[in-house]
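Student: I would like to go through the aromatic contacts of this model. Could we start with the rings?

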Amino acid sequence: MQKARVIRMRHWLPLTLALLTLGCGELGESGPVRISVIGGPPTLVDPNRKAPSATQQVLLGAVAQSLVSYDETGQIGPGLAQRWIVTSDGLSTILRLGRAQWPSGGTISSNEVVRRIRTMLGPASRNPLRPAFDSIEEINPTTPEVIEFRLTTPRPPLLELLAQPEAVILSRKLEGTGPFKIVSRQGATLRLEPRTLPAEGESPDFPAVALTGERAAKAIARFEAGESDLVLGGTYLHWPLIAIAEPPARALRFDPADGLFGLVVQRTDGFLADPAHRQVLGMAIDRDALLQAFNAPGWLGVLRVLPQRYRSAQDPAFPSWAAMDITGRVAEAERRVTAWGASNPDAIRIGVHLPDGPGSTLIFARLSADWRRVGIEAVRAPAGEAHVRLIDRVAPAGSALWYLDQLACPSRQACSEEARGALQAVRASTSLFERGTQLAVADRAIAESGFYVPLARPLRWSLVSQRLNLFRENARAYHPLDRLIRQRR
């Protein structure tokens with residue numbers, strides 16, 4: 001207990017000191033919108049070469065455009081493409097570009113956009129969205145203003161994926177055509193101003209932005225002191241700091257994000273070689289107690305991979321033990337551990353890799369307590385040595401294939417051949433019925449494999465000042481910077 005208290009203080013002390021140092025301030029209704037993103041400094045990266053961090057995603061969405069965009073509610077709207085249609089068979093999506101120019105001059109043509117997207121989908125791409133675009137068969141610039149996507153399956157979530165910041169269209173010089181342009185940098189803060197100037201005597205559609213990437217403790221403290229309007233990038237990892245800061249309830253906003261939050265098995269030696277033993281890890285966890293330790297409003301525990309059916313032929317699969325209550329699960333988990341111990345006298349130790357942060361301290365404490373009562377010892381371990389690691393990702397689109405792809409083969413050791421084969425059949429089939437059937441097979445195989453221990457939905461929170469009257473929670477947990485304030489005319 002004393003050790004746990006020391007760990008918590010190590011994480012929370014910076015926030016306490018920051019709150020005492022900053023004092024109280026008040027941010028006016030005018031001037032740039034001051035935004036803190038929990039993470040590193042805002043730098044512009046090419047997502048085809050490096051997966052962007054949270055701060056880099058926000059910057060990409062501000063200074064560059066995708067073919068389509070998300071509005072403040074998470075709905076699809078125009079981007080570089082002003083109009084689009086989907087053919088009656090759902091196998092072709094056709095987009096018409098609006099008139100746009102690169103900042104250095106020159107009209108953006110369909111050829112340039114297609115070149116960029118082909119690079120994103122190419123074998124050398126490191127874009128994290130690349131596997132999700134598997135339904136694209138061909139991309140053609142049919143005229144200088146029109147692009148056609150030919151698809152292998154009817155109506156995949158193509159537009160949702162194209163609206164992601166990882167899918168922005170950049171020039172070879174990393175120029176973008178987003179609503180903002182970078183005008184200056186001071187330390188870890190970028191000043192962004194509207195790219196289009198208003199007519200004389202009129203106000204811009206949205207104000208300038210001061211974008212900062214910083215540690216969670218400092219971001220929360222600056223918001224509490226009235227020195228910022230918005231904190232983005234909040235996850236489970238730094239949620240315990242909110243208990244110290246105690247911001248006004250109206251300032252805390254939670255996105256109803258779907259995705260994956262759980263433990264992925266990456267080593268299958270010893271006790272974890274048997275699926276029945278891997279299932280013990282999930283059976284023994286008291287999810288209600290885990291979520292109560294965080295006390296985050298509305299955070300829900302889960303027992304399955306898919307949040308809804310999507311295009312699977314069956315409802316989402318639950319593991320076979322899910323029908324038992326927590327008392328029955330714990331008893332069954334203890335029975336399996338005892339049976340293993342009868343011929344394996346060595347203690348069962350499971351290495352767990354979690355990112356550093358107070359939220360991980362709470363997660364590990366609950367895992368340790370729950371596994372200990374059935375005879376398993378949990379130890380913190382580096383990523384390359386751990387038996388299990390935490391996964392915390394918001395789904396970029398409503399796609400069963402995205403979820404199942406993440407979990408069919410978490411590592412070379414941990415791989416469900418049945419699930420992998422079913423997903424290969426999904427990609428090879430043009431029949432909706434066959435694809436749905438194989439998605440259901442993969443879902444069931446992953447649920448029974450024990451390679452994934454679902455814990456909860458991803459926790460995504462923000463701190464929002466009353467000045468930001470357009471801010472809306474949404475399922476993508478994505479908040480465009482040009483859609484935060486409705487300007488007064």
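Student: Which residues form one aromatic cluster?
Tutor: Tyr 236, Phe 261, Phe 294 and Trp 299 do. Rings of Phe, Tyr and Trp (its six-membered ring) pair if their centres lie within 6.5 Å; planes under 30 degrees apart count as stacked, over 60 as edge-to-face and the rest as tilted. The model is predicted: local features need pLDDT of at least 70, side-chain atom pairs count only at pLDDT 80 or more, and totals for chains, interfaces and linings use all residues. Residues are numbered from 1 along each chain as its sequence is written, and side-chain values use heavy atoms, with hydrogens and water left out.

Student: How many aromatic pairs are in the whole structure?
Tutor: A search finds ten aromatic pairs. One of them, Phe 271 with Trp 340, is edge-to-face, at 5.6 Å centre to centre and 80 degrees between the planes.

Student: And which is stacked, Tyr 310 with which partner?
Tutor: Tyr 310 is stacked with Tyr 403, at 5.9 Å centre to centre with 25 degrees between the planes.

Student: Is Tyr 403 buried or exposed?
Tutor: Tyr 403 is buried, with a relative accessible area of 0%, whereas Tyr 310 is partly exposed at 22%. Buried means under 20% relative accessible area, exposed over 50%, and partly exposed in between (1.4 Å probe, protein chains only).

Student: Changing topic, what sits over the ring of Phe 364?
Tutor: The charged end of Arg 380 does, 5.5 Å from the ring centre. The criterion is NZ of Lys or CZ of Arg within 6 Å of the ring centre and within 35 degrees of the ring normal.
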